[in-house]
Amino acid sequence: MESPHEHQQTVLLSRIIGNVEKLNEAVMVMNKGLQEVNIQNMNVELVAQMFKNYQSNVLFHLEASPILGVVRPNFSDNRVCAVCIICSLSTRDRVSRNYIYRQLILLSTVDPKSSGAHPAMTITAVQSLLPGRIASNSSEKQTEKPPPQLHGITDFPFKGYHPPQPEGYRQSQAHPDTSAIVIDNGAHLVKAGWSFDKAPRFAIPPVMSRYRDRKLMRQCQFIGYDAYVDATTRGQLRNGFDPGSSVVGNWDVMEGVLDYLFIKLGVDGANGGVGRPILMTEPIANLGYSRKMMNEILFECYSAPSVAYGVDSLFSYRYNGGKDGLIVDSSHTSTHVIPVMDSKPVFSNSSRLNWGGLQGSEYLMKLMKLKYPTFPTRLTDAHMEEMVHNHCYVSQNYNSELNGFLEWSGLEDRDRVIQYPFTEHVVQEKTEEELAKIAERKKESGRRLQEQAAKMRLEKLVRKEQELEYWKALQIRLESENKKETRRILEAEELKDEAALERMIRELEKSIKRSRNKDLGIEETEEQPEEMTFPMLDIPDDQLDEAGLKEKRHQRLMKSNVDARLRAKEEKEREKARVAEEERLDREERENNFERWISKRRDNRQRILQSIKDRDRFTADLGNRKSLASQMRMKTLANLASDGPKKRRRGGDDDDFGANDDDWGVYRTVAVGEASDDEEEEDLNATLDAAEKELLEFDPEFSEHNTFAAQSDWTKSLVHAFLRGPWPFDPESQREAHQLHLNVERIRVPEVVFQPSIAGVDQAGLIEIVADIINQRYTNPQDQSRLLKDVFLTGGNTLFTGFDERFRNEVRGFLPVDATLNVRKASDPVFDAWKGAAQWASGDNFGRSSVTREEYLEKGSEYIKEHELGNATW
Amino acid sequence: MPPPNPANDEAHQQLLNTLDIAHAPKSFRNHNWKPSQRRNKNVKQMLSESSRKEASVMATQANSGATTQGTFGDGTRTPAEGAAPNLSQATQNLSTLVLEKNARATNPTGPAVTYTNIESAPSFNPAYQHHYCDITGLSGQYTDPKTRLRYHDKEIFKVIRTLAQGVPENYLEARGAHTILK
């Protein structure tokens, strides 16, 4: 018997089988997907573990690192992968997502500024004195200063090639015994020439640069200014003098310098030696070893026939015609005071202060490095020397001038700006035309977008209108249809009943109207929602059928909605009234009891200021690892990082972090740096502004320049004046970053010779030394007046503007009123020593005072002959 | 950096060659001269050497009255122990007497002048004991007890408190007031 439905059944079965197969396939795909998800989750777990370890390491290092600087771990890579993980995580894994997210934030809060550019765990302890200030809008506008006059800086003192001058040597051949080579062996400049010259032929710094050129495979040797010729030679620079003294320390350099000078002076060495007598200067009380070495070199290496030594300042004094007087010789490495009686120096009453031009420029270097710790260019000794020479001067009244030095008025003249070479960041400067073009393009695209939107709106409107048309037509058609047909039609349109249709039509109408209004720019009028009635709510449930119950439920929902809206509205109005009331009370108080009102306001402002201060202190304290603030922070960090053993004991692995929004607030307390409290700062500043505005309006004693902004304006800042002069500072500008400002240093550096304690030299100042020599060592008034009648200044360090005047005034200060005091300066404080030496070498005394080669060989290398301008043996 | 310019390089090399004196003829030099390898000494080494020498000279001058005789040539000061050496003292040590005589013969104006003893003494004049701000150089009446830096006013104090570790020590060093650990 054949079932009549067999065909149907087979069809159904085959469909079922097909469906099951498809289902199986789907399940397999799902399995595969699940497997993938599992693998991914395992990865996540691994990464999370890695993060945990990494972070505990970071914490450990944070605790262990003794430097207060900012720790900048390099998180960029990990962060990227963590972000990827979070994106790829399925939502069901909330716990692990939260965990990773937390780790990520913890890591990033260790340093919010960390970026890929920083190497891992860089500890930066460099800090500039002043964070860049931004000029705030102070109403008390101080007169804008004219732009600073910039002073350049010479890169290095290379002076070009100087050819030898052999004619001097030729001239000396006429009298080879009396024409001497005169060398003023100064620590700053070695001056050399012939005794018959009027001025030294060569003056070079005693430096040498000797190295082996790898490319040319040969030795190179550059002396004096030539040693500054290029970067390679400058890198190999050696100084002949022991640093900070006027004693030769490096004899290789000294030999090089002498070689250079003899070559340049045209010495041909016909008889295997220099062949001319030599006169050299040396410091007062030169050390025996130094003289011994010099003798050895001159006699044995250069085979000089005779050598004499003299003291530079005495030559200078002689050249300037002095007989009795007090020599004050402030030179490159030291300052000497030497009394001279009957043209003879009294060395036993002389004194040396270990301060000179070299120490001055070294001191300036220290000051500049401290003042601009992050200066982008290398500061060299030559730069400092140039600055000291060009910009420093001796103050006539140091203490009083000092305290007014950074005052606003006239600061632009006192502040010297040294501009170092720099490369400005090339900002593609856009022309007016291009800017206009860009604006036009922007506008164009905006308009296009607007047009597009309008078109779309129009299309939508048309569609809606068509729909409305359709529904309306349907409604009309329904009216003529019977009930069953109506039901069928409605069902076909997926509508529940006629009411629904009506509602839809109403909504459509409303939305069409709204969009029409919008297009035409008619302001939407808040149409009063028609008073809703909820008649069903009053009818008890048992009197209603199912549809009625449904309707009732719907109405109840609507009613609570409406009620809530009403409540909110009332609340708003109450709030408004409260504010108005408060304002009224406030006004009343202001009018009736102004004193109390204003004091309240002032207190309020003080409170805000205090909290700003507290906040600043807190941030500053965070920089100090030992401070309470940072310890608390560490504690929070440690708590967050720990696996939470307490929590685990309480309730398993359930990590509900993030369930409560307040949980995230913990990162505010953890974060350091500007990023963290931006909002708060804005907040405080805004409240402060409001409070100050009110005070400005009503408080007669509170004016514009009392505001916090005006008070903290950069023009008020002493530090800013010190670092940047009377001009605003733009931290972005490369030009300004490459500027050094010399202000207080201009008088601070030369002052040291008068007050050595400024630079930590434990010696009496120049005036004290002079006073001691005049008053203590010479008790005879006649001797005193002999010395005072001719006080003679020489040496390069006396070249400062105002040096002689200051010196004269201060010396006058400790003298009796009737004492005569004459202070004069050498006609050329730098070269007069050489000139005096040359003059003396042309005289008879030179021959008598020279040690000949025979004497040297007989009496040893430390033997010298005493004369009126030289050192004594002892 | 600009690309190396061969013409420029050439010119520079020529300049270097003219300036270089390593291979210039130096016939004035004695070619047999071989300096000692360790002839370079700094002042400290020289001083310690010479102070040993000085000490031996000073020993002869100590207790002998030679030091106090100072400027006995001008006669304005009363010689502390008289022009003639105290014989009873001097006979105690004959060598001292001989050395003293010799010393007086070579420098009749008192103790020898050496590199170290012409250095001026520390200042005791209160007029020069001003305190200056370590940061700005202005007058500094206050001292921060933590860093020992002197400062001018509260703004500078704020700066001092934000200095990184080690920086205050550098400021102190500029004034010579830093602590040296040995």
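Predicted model: local features only at pLDDT ≥ 70, side-chain atom pairs only at ≥ 80, totals over all residues.
Q: What share of chain B is made up of buried residues?
A: Of the 182 residues in chain B, 21% are buried.

Q: What about contacts between residues 24 or more positions apart in chain B?
A: Such pairs account for 34% of the contacts in chain B that have a separation of 6 or more.

Q: Which residues of chain B does UniProt list for a domain?
A: An unreviewed UniProt entry lists residues 131-160 of chain B as "domain: Vps72/YL1 C-terminal". Over that stretch the chain is 23% helix and 13% strand, and the C-alpha atoms at its ends are 17 Å apart.

Q: Turning to chain A, at what angle do the axes of helix α9 and helix α10 cross?
A: In chain A, the axes of α9 (residues 357-371) and α10 (residues 381-391) cross at roughly 105° and come within 9 Å.

Q: Which residues make the contact?
A: From α9(A) they are A:Gly357, A:Gly360, A:Ser361, A:Leu364 and A:Met365. From α10(A) they are A:Asp381, A:Met384, A:Glu385, A:Met387 and A:Val388.

Q: How many of the residues in that contact are nonpolar, polar and charged?
A: The contact of α9(A) with α10(A) has 5 nonpolar, 3 polar and 2 charged residues.

Definitions and conventions. Residues numbered from 1 in each chain as written. Chains lettered and ligands numbered in written order. UniProt positions renumbered as here; feature names shortened; annotations may be inferred. Helix = DSSP H or I, 4+ residues; strand = E, 2+ residues; numbered from the N terminus. Buried ≥ 20, exposed ≤ 12 C-beta atoms within 10 Å, placed from the backbone. Contact = placed C-beta atoms within 7 Å. Axes fitted to C-alpha atoms, helices over the stretch in contact; angles between N-to-C directions. Nonpolar A, V, L, I, M, F, W, Y, C, P; charged D, E, K, R; others polar.
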